[in-house]
Amino acid sequence: MKKLINAPEDVLVESLRGVAAAHPELSVDLENHVITRATPKAQGKVAVVSGGGSGHEPLHGGYVGTGMLDAAVAGEVFTSPTPDRVQVATQAVDRGAGVLHIVKNYTGDVLNFEMAAELASMEGIEVGTVVVDDDVAVQDSLYTAGRRGVGLTVLLEKLVGAAAEEGRDLASVVELAKRINGQGRSMGMALTSCTVPAAGKPTFDLPDDQMEIGIGIHGEPGRHREPLAPASDIARQLVEPILGDIDAAGPAIVMLNGMGATPLIELYLMYGEVAAILEKSGVQIARNLVGNYITSLDMAGCSVTVLKADDELLRLWDAPVVTPGLRWGA
């Protein structure tokens, strides 16, 4: 294992210490592994909290800031944060109008955020929750009951964060989040496995001439394994299941996401292939992201997310955002 670390057991805290050093606009609680805005939003606005296991950076901590999250809770690598730490984050950012929890559909995340919401309600904090389950690859997996929460999480955090920044109430923010979850889908693939620092070896073995179609963000197995194919064929295998699951015709927000170790030259090549397929299928790409936004440590591969959009979502997308991971309009 070759990694830029000191000791596997210290990776998370030392990474958070680096975040604090690099971003004075953020406040980092090293004891509870919570990142918040150094300057809270105005009183009377809904706060937005997300989190999960580490190893998916810039998700979630990289999206704390104006126009997105108020707090992110980091678990150990690929491990859900504990309920008490989610509760600490919820209390820290509550501005009196309630808190939205954005939870990826992994069993540990769902259970721990649910317990944290119960703890918060005992403290008089109203919590709304959306569980993101956009992965069309598999119905159930090693970590989930139902579909996994993957790339759509990034787009949802941006859009819902903008709505909360506008001053919408908790009920309308929750309704928006659930609507976004219902009209976005994702699909991913891997060229290599990833290596969890504590394990010291790849999560699964993938020969050089093979690829895994339909992987999750923790190295879970996908739909199938097959010989490595040209990018045009890979793009088709990612897009067709998405279009088979939702009617995405019309305007859309599209993300071509790297899994952590794929160079941008390849990601842009893949985006060109994906865009061509979508446009031939009647999908009008109104906004896009290309890059590493939700990763799986050092995995090579990519994922595609397609979100059917309307004027409201495009307006929220264009709203200013100032975070380490996304920044525009400010």
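1. Gly98 counts as buried at 4% relative accessibility, where buried means under 20% relative accessible area, exposed over 50% and partly exposed in between, with a 1.4 Å probe and protein chains only. The residue sits in the loop between α2 (83-93) and β5; helices (H or I, at least four residues) and strands (E, at least two) are DSSP runs, numbered from the N terminus. Leaving aside neighbours within four places in sequence, Gly98 is in contact with Lys45, Val46, Ala47, Glu126 and Leu170, contact meaning heavy atoms within 4.5 Å. The C-alpha atoms of Gly98 and Val64, which are 34 residues apart along the chain, are separated by 17 Å.

2. On provenance, this is a predicted model, in which local features need pLDDT of at least 70 and side-chain atom pairs count only at pLDDT 80 or more, while totals for chains, interfaces and linings use all residues. Residues are numbered from 1 along each chain as its sequence is written, and side-chain values use heavy atoms, with hydrogens and water left out.

3. Six strands form an open sheet in the order β1-β2-β4-β3-β5-β6, with mixed pairing; two strands pair if DSSP finds at least two bridges between them. Because β1 (26-29) and β6 (127-132) stand at the edges with a single partner strand each, one side of each is left without a neighbour in the sheet. Neighbouring strands of this sheet are turned by 20° against each other on average, direction ignored; axes are lines fitted to C-alpha atoms, for helices over the stretch in contact, and angles run from 0 to 180 degrees between N-to-C directions.

4. Within that sheet, β2 (residues 34-37) pairs with β4 in the antiparallel sense over three bridges, and Thr36 stands opposite Ala71 in β4. Two helices deserve mention here. Helix α4 (residues 152-166) lies across β2, β3, β5 (99-104) and β6, and runs at about 175° to β5. Helix α5 (residues 170-182) packs on the sheet and touches β5 and β6, its direction making about 5° with that of β6.

5. The largest pocket holds about 640 Å³ of space. On a 1 Å grid over the protein atoms alone, a pocket is an open set of points with protein on both sides within 12 Å along at least five of seven lines, a cavity is a set where a 1.4 Å probe fits but cannot get out, and lining residues have an atom within 4 Å of a point. Of the 34 lining residues of the largest pocket, Val11, Ser15, Ser54, Gly55 and Glu57 lie nearest its centre. The elements giving two or more residues to this lining are α1 (11-22), β3 (47-54) and β4 (71-77), and the largest share, six residues, comes from α1.

6. The second largest pocket contains about 170 Å³ of space, and its lining includes Met189, Leu191, Thr262, Glu266 and Cys302. At least two lining residues are supplied by each of α6 (231-245), α7 (264-280) and β12 (301-308), with the largest share, three residues, coming from α7.

7. A search of the whole structure finds one cavity of 30 Å³ or more, and the largest cavity has a volume of about 70 Å³. Among the residues lining the largest cavity are Asp135, Met187, Ile217, Met259 and Thr305. The elements that give two or more residues to this lining are β7 (184-190) and β12, and β7 provides the largest share, three residues.

How values were computed
Points joined across faces, edges and corners; volume = space filled by probe spheres on them.
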